Amino acid sequence: MSGRILIAYFSMKGETLEGRNIVWREKGHAQLAAEYIQETVGGDIFEIETAKPYPDDHMQRVIQAKAEIEGNVRPEIKAVPNEFDQYDTVFLCYPIWWFAIPMPVATFLESLDWTGKRVIPVNTSNSSGECRSVPDIKMLCGDAAVERGLELIGQTVEIHAGEIRDWAKQNI
């Protein structure tokens, strides 16, 4: 394949729900998936970060995320990748929030020209699957070829690292 690979991710550190328990994580589930993909296929990795960080407290974050989605808010992000035009394939890793992509991911997608890009969504959820995230990504990425991608149960990402790596090899 010609061109370069980008693995872009939006992930939550801090408190997260795993099963029925709230646990503290130094790295979020989507970040772990992104790192496994990068270790496997190479490419550049890019963290989508908001200008104003989300609260570490899980419940406060849930409330904020729901309000953003209901209000169709586009939180400001710190940056977009340099020389984005040089990438052909973008693995996009993100959690599912309220049955959708997190709004910072929408900001990221709307901030770039996706013409001619191949986008491979990778989502993490503890219960809801991809929901409407792939159709939303297709809408926000315009002329990109958005593929089916990979759905992961967030709390099992580390257990399934080998399967994620195998999947990444097959999809490059």
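I began with the lining of the largest pocket and asked which element gives the most to it: α2 does, with four residues. The model is a predicted one.

I then looked up the volume, and the largest pocket holds about 600 Å³ of space. Its lining counts 24 residues, and H58, V62, I96, W97 and N126 are the closest to the centre. Two or more lining residues come from each of β2 (14-18), α1 (29-41), α2 (58-70) and β6 (118-125). Sorted by class, I have 10 nonpolar, 12 polar and two charged residues in this lining.

Next I turned to the second largest pocket, with about 250 Å³ of space. I found 14 residues in its lining, and S11, M12, K13, P53 and Y54 lie nearest the centre. The classes here are six nonpolar, two polar and six charged.

I moved on to the strands.

I checked the pairing of β5 with other strands. Strand β1 (residues 4-9) runs parallel to β5 and is joined to it by six bridges; in this pairing Y9 has C93 as its bridge partner. With β6, β5 also pairs in the parallel sense, over seven bridges, and there I found L92 opposite P121.

Key: Residues are numbered from 1 along each chain as its sequence is written. This is a predicted model: local features need pLDDT of at least 70, side-chain atom pairs count only at pLDDT 80 or more; totals for chains, interfaces and linings use all residues. Side-chain values use heavy atoms; hydrogens and water are left out. On a 1 Å grid over the protein atoms alone, a cavity is a set of points where a 1.4 Å probe fits but cannot get out, and a pocket is an open set with protein on both sides within 12 Å along at least five of seven lines; lining residues have an atom within 4 Å of a point. Grid points are joined across faces, edges and corners, and a volume is the space filled by probe spheres set on the points. Ala, Val, Leu, Ile, Met, Phe, Trp, Tyr, Cys and Pro count as nonpolar, Asp, Glu, Lys and Arg as charged, and the others, Gly among them, as polar. Two strands pair if DSSP finds at least two bridges between them.
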